[in-house]
Amino acid sequence: VSPRGSDMSLADWTDQAAHTLGMIRSNGAGTFLALFNSSGVSVPFKLPFAPNGQWNLWLTTADVERRVCWTSDETFTLPGHSFVLFADRKDDRSIS
């Protein structure tokens, strides 16, 4: 997933200045969105469609806003040198 919230294009994959990457995985437990930023600057990242309507912040390596729920198409600021994991499940395992 690109920072635009859509699938990465060939241009995204070959852009040497790009240092962000998103990945969506689904299984029986839900859908998960992993965001990676290897650059030293924050990057606005448009969250893609969440099957249950919201992304719950589960894990982060950065100091981010501790809001639990984010909606599809909302912009999340992905800090530099960080990893963030969201899930579309509605349970109590998100961070607080």
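Is His81 buried or exposed? His81 is exposed, with a relative accessible area of 59%. The model discussed here is predicted.

Five strands form an open sheet in the order 1-2-7-4-5, with antiparallel pairing. Strand 1 and strand 5 are the edge strands, and each pairs on one side only. On average, neighbouring strands of this sheet are turned by 30 degrees against each other, direction ignored. Strands of a sheet pair through backbone hydrogen bonds, either parallel or antiparallel.

Strand 5 covers residues 69-71. Strand 4, residues 54-60, pairs with strand 5 in the antiparallel sense over three bridges. Gln54 has Thr71 of strand 5 as its bridge partner.

Most residues other than glycine have a negative phi. Asp73 lies in the loop between strand 5 (69-71) and strand 6 (75-78). His81 sits in the loop between strand 6 and strand 7 (82-87). Asp73 counts as exposed because its relative accessibility, 53%, is over the 50% cut-off.

**A nonpolar surface patch**

Which residues form a nonpolar patch on the surface? They are Leu21, Met23 and Phe36, with about 230 Å² of accessible area together. Leu21 belongs to strand 1, residues 20-27. Strand 1 is an edge strand of the sheet. Leu21 is partly exposed, at 31% relative accessible area.

Note on methods. Residues are numbered from 1 along each chain as its sequence is written. This is a predicted model: local features need pLDDT of at least 70, side-chain atom pairs count only at pLDDT 80 or more; totals for chains, interfaces and linings use all residues. Side-chain values use heavy atoms; hydrogens and water are left out. Helices (H or I, at least four residues) and strands (E, at least two) are DSSP runs, numbered from the N terminus. Buried means under 20% relative accessible area, exposed over 50%, partly exposed in between (1.4 Å probe, protein chains only). Patches are made of residues with over 30% relative accessible area and no salt bridge: like charges are joined within 9 Å, nonpolar side chains (Val, Leu, Ile, Met, Phe, Trp, Tyr) within 5 Å. Accessible areas come from the Shrake-Rupley method with a 1.4 Å probe; for residues, only the protein chains shown count as cover. A salt bridge is a side-chain nitrogen of Lys or Arg within 4 Å of a carboxyl oxygen of Asp or Glu. Two strands pair if DSSP finds at least two bridges between them. Axes are lines fitted to C-alpha atoms, for helices over the stretch in contact, and angles run from 0 to 180 degrees between N-to-C directions.
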